[in-house]
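Subject: Structure for you to look at

Hello,

Here is the structure I said I would pass on. Please open it and keep it beside this email while you read the notes below.

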Amino acid sequence: MAKTVIITGAARGIGRACAELFAAHGYQVLINYYRSVEAAKELHHSLQAKGYQVALFQADVRSRPQIDRMVAYCLQEFGAIDLLINNAGIAQTRLFVDLSADEWQEMIDTNLTGVFHCTQSVLRTMLPRHQGKIINIASIWGQVGASCEVHYSAAKAGVIGLTKALAKEVGPSNIQVNCIAPGIIETDMMASFTAKEKTALKEQTPLERFGTAEEVAACALFLASDAADFITGQVIGVNGGFVI
Ligand code: NAP
């Protein structure tokens with residue numbers, strides 16, 4: 001029977017690459033989006049045109065009622081949820097001393113509390129089935145910290161901590177929780193970086209290039225597979241050697 005995955009922030013970037021790859025591998029895919037209405041509809045159409053089982057749901061990961069409605073819709077459409085990929089996220093570059101309390105809060109609400117809402121909502125359907133997988137998209141900055149991205153780094157470090165602790169808590173229920181910590185991946189998130197900053201980041205990456213969204217999606221596909229059933233609580237780097 002086909003497995004079902006919810007992917008947050010799936011209209012663009014890494015989430016979109018995951019939606020395309022998982023759909024092509026026979027998963028029923030719930031594409032979550034928030035602001036990218038046109039891109040989400042276009043992705044939904046293009047995957048449906050290929051005969052894939054996909055559904056679309058607009059929800060802000062910061063809103064628990066919206067996430068609960070998304071999970072209910074996914075169950076109604078596909079019957080069960082086997083996998084959640086917590087991918088939605090925002091980035092911002094700011095000196096720590098210039099960060100406003102609102103900017104801090106928006107970062108934590110989106111990148112950390114969003115993971116809490118989606119994971120808790122989905123787990124309520126996974127626990128009784130004694131089966132499921134959660135994949136969180138963290139970041140190398142959650143591992144080593146980024147100057148001028150203290151709030152982003154703190155939220156991603158929180159995602160790593162959440163992953164490890166939850167893996168211990170739900171392991172006895174046969175649910176695996178892992179995270180992927182991407183290095184520098186060429187998506188819209190990198191758009192605000194100057195050519196000079198990008199060159200510097202490439203120079204710090206042993207493989208001397210940025211990763212692609214497809215390379216992150218390939219790691220997620222492996223973690224989602226039965227071959228990864230004995231892997232839980234881990235932080236998998238897809239980073240070109242940036243963090244070793
Ligand atoms: P991206 O192209 O900017 O995509 C970000 C995605 O997050 C969009 O699909 C966006 O959806 C969604 N999103 C943002 N706020 C949301 C909200 N409140 N509710 C629901 N969805 C929301 O960036 P990306 O590079 O693919 O990033 C994906 C994940 O990878 C993020 O968690 C990011 O932190 C992480 N990551 C990226 C890199 C990198 O170098 N690119 C490195 C490490 C980790 P809408 O457009 O529909 O609003």
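Helix α4 has a bend of about 40°, located at T113. Keep in mind that this is a predicted model. The helix covers residues 101–126, which is 26 residues. From its first C-alpha to its last, α4 reaches 35 Å, close to the 38 Å expected at 1.5 Å a residue.

α4 also packs against another helix. Two packed helices are described by the angle between their axes and the distance between the axes. For α4 and helix α6 (residues 150–170), the axes come within 9 Å and cross at roughly 20°. An angle under 35 degrees counts as roughly parallel, so α4 is roughly parallel to α6. The crossing is right-handed.

Which residues meet there? On the α4 side they include W104, I108, L112 and F116; on the α6 side they include Y152, A155, V159 and L162. Sorted by type, the residues of this contact are 14 nonpolar, four polar and two charged.

The second pair is α1 (residues 13–24) and α8 (residues 213–224), whose axes come within 8 Å and cross at roughly 55°. That angle makes α1 oblique to α8. This crossing, too, is right-handed. α1 contributes G13, I14, A17, C18, L21 and F22 to the contact, while the α8 residues include E214, V216, A217 and L221. Here the division is twelve nonpolar, one polar and one charged.

Regards

Notes. Residues numbered from 1 in each chain as written. Predicted model: local features only at pLDDT ≥ 70, side-chain atom pairs only at ≥ 80, totals over all residues. Heavy atoms only, no water. Axes fitted to C-alpha atoms, helices over the stretch in contact; angles between N-to-C directions. Helix = DSSP H or I, 4+ residues; strand = E, 2+ residues; numbered from the N terminus. Parallel < 35°, antiparallel > 145°, perpendicular 65-115°, else oblique. Left-handed = near helix turned anticlockwise from the far one by under 90°. Contact = heavy atoms within 4.5 Å. Nonpolar A, V, L, I, M, F, W, Y, C, P; charged D, E, K, R; others polar. Expected span 1.5 Å × (residues − 1). Bend = angle between axes of the 7 residues up to and from the residue.
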